[in-house]
Amino acid sequence: MDGSCNGWKSCNDATIDYVIGSCDGKLACEGSEILKAVGSCSGSLACRDSGRDSEVTYLKNSCKGDNACINNNMGIVVDSCHDYGSCSVSNIKERMENSCQGYQACGELGNYAIIGQVIDSCHGQDSCYGGWLPSWFRDSGMIDIRPNIGDIVRSCLDDRACYDTFGEGGPIKGIEDSCHGFESCTGIAAYDPTLGTRGNVGVVKNSCIGNQSCKDFGRGGGEQCVGDITYSCRSDNSCQG
């Protein structure tokens, strides 16, 4: 431990194997169990309780901002989670790099879906926020079924891009170079209360480029997969559900 845990109660109740220049702030690493952290957890409550509800294996230049990684459950986190609540209560077991930058950008991401890697993605306020779920969805029983989402790569880039897509949404095989624009891909493959089913979408690649493009696309599709979306829906309001 070198030049780390600088702040009131910054490493309280922590089990940390390797920390350099990290945990700088009020209660920054309280209750943490971190294997390795470099230049991370700089901010009030930045990693509070991360060891009680989670285990962080590697942090580098991440979790910078009030409540940035509070109560998280993440694996390798590099250059990510920069802003208030940007990765609070997140559950990402794979690698996260250069992602989740913005107010609540990845808040509760992975709580209601199994997420792969998140690389160069989720830049913008609420861009990949997965915690807002309407009461009718919670009452449906679907909340206990966590669909698989593939890797998210260079995608979900703007405010509310992919907002709630990983909350009430169904399975998506992967998102690559897609969902660029305000509210693009918001609600894709989402649950439809009338049909009582979620959507099911294949790979989204080089598509959904433009404000509100692919919004609600594939909502309530059920077991019938929409299929891959490739090099399509590349203008504002295109391919809306």
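1. Let's begin with tyrosine 84, which is partly exposed at a relative accessible area of 34%. Tyrosine 103 is also partly exposed, with a value of 35%. Please keep in mind throughout that this is a predicted model.

2. What do these residues do together? The structure holds two aromatic pairs. In one of them, the ring centres of tyrosine 84 and tyrosine 103 are 5.4 Å apart and the planes meet at 15°, so the pair is stacked. Tyrosine 84 sits in the loop between strand E5 (76-78) and strand E6 (91-92), while tyrosine 103 belongs to the loop between strand E7 (96-97) and strand E8 (114-115). The pair therefore ties together parts that are 19 residues apart in sequence.

3. Now turn to tyrosine 129 and tyrosine 163, an aromatic pair that is stacked as well, with 6.0 Å from centre to centre and 15° between the planes. Tyrosine 129 comes from the loop between strand E9 (118-119) and helix H1 (135-138), and tyrosine 163 from the loop between strand E11 (152-153) and E12. Because of where they lie, the pair ties together parts that are 34 residues apart in sequence. Are these two tyrosines buried or exposed? Both tyrosine 129 and tyrosine 163 are buried.

4. Arginine 160 lies over the face of tyrosine 163, at 4.1 Å from the ring centre.

5. The protein chain has 241 residues, and 54% of them count as buried. Its secondary structure comes to one helix and 14 strands. Among contacts with a separation of 6 or more, 37% involve residues 24 or more positions apart.

6. The largest nonpolar core has 37 residues, and the members that touch the most others are Cys81, Met96, Ile115, Cys156 and Phe166. Strand E12 (172-176) and strand E13 (201-205) each supply at least two residues of this core.

7. Which residues does cysteine 81 contact, leaving aside neighbours within four places in sequence? The cysteines among them are Cys63, Cys69, Cys87 and Cys100. Cysteine 81 also contacts Ser62, Lys64, Ala68, Met74, Ser86, Met96 and Ser99.

8. How many disulfides does a search of the whole structure find? The search finds seven. For anyone new to the term, a disulfide is a covalent bond between the sulfur atoms of two cysteines.

9. Cysteine 122 and cysteine 128 form a disulfide with their sulfur atoms 2.1 Å apart. The angle about the S-S bond is -80°, and the link is left-handed. Cysteine 122 is buried at 0% relative accessibility, and cysteine 128 is buried with a relative accessible area of 0%.

10. Another disulfide joins cysteine 179 and cysteine 185, with 2.0 Å between their sulfur atoms. The torsion about this S-S bond is about -80°, so the disulfide is left-handed. Cysteine 179 has a relative accessible area of 1% and is buried. Cysteine 185 likewise counts as buried, at 1% relative accessibility.

11. Cysteine 233 is joined to cysteine 239 by a disulfide, S to S 2.0 Å. Here the torsion about the S-S bond is about -85°, so this disulfide is left-handed. Are the two ends buried or partly exposed? Cysteine 233 counts as buried at 11% relative accessibility, whereas cysteine 239 is partly exposed, with a relative accessible area of 29%.

12. Finally, have a look at aspartate 216, found in the loop between E13 and strand E14 (229-230). Aspartate 216 counts as partly exposed because its relative accessibility is 24%, and buried means under 20%. Not counting residues up to four places away in sequence, aspartate 216 touches Thr186, Gly187, Ile188 and Gly241. Aspartate 216 and threonine 165 are 51 residues apart in sequence, and their C-alpha atoms are 9.0 Å apart in space.

Notes
Residues numbered from 1 in each chain as written. Predicted model: local features only at pLDDT ≥ 70, side-chain atom pairs only at ≥ 80, totals over all residues. Heavy atoms only, no water. Helix = DSSP H or I, 4+ residues; strand = E, 2+ residues; numbered from the N terminus. Buried < 20%, exposed > 50% of the residue type's maximum accessible area, 1.4 Å probe, protein only. Contact = heavy atoms within 4.5 Å. Core = buried A, V, L, I, M, F, W, Y, C linked by side-chain atoms within 4.5 Å. Disulfide = S-S within 2.5 Å. Phe/Tyr/Trp six-rings, centres within 6.5 Å; stacked < 30°, edge-to-face > 60°. Lys NZ or Arg CZ within 6 Å of the ring centre and 35° of its normal.
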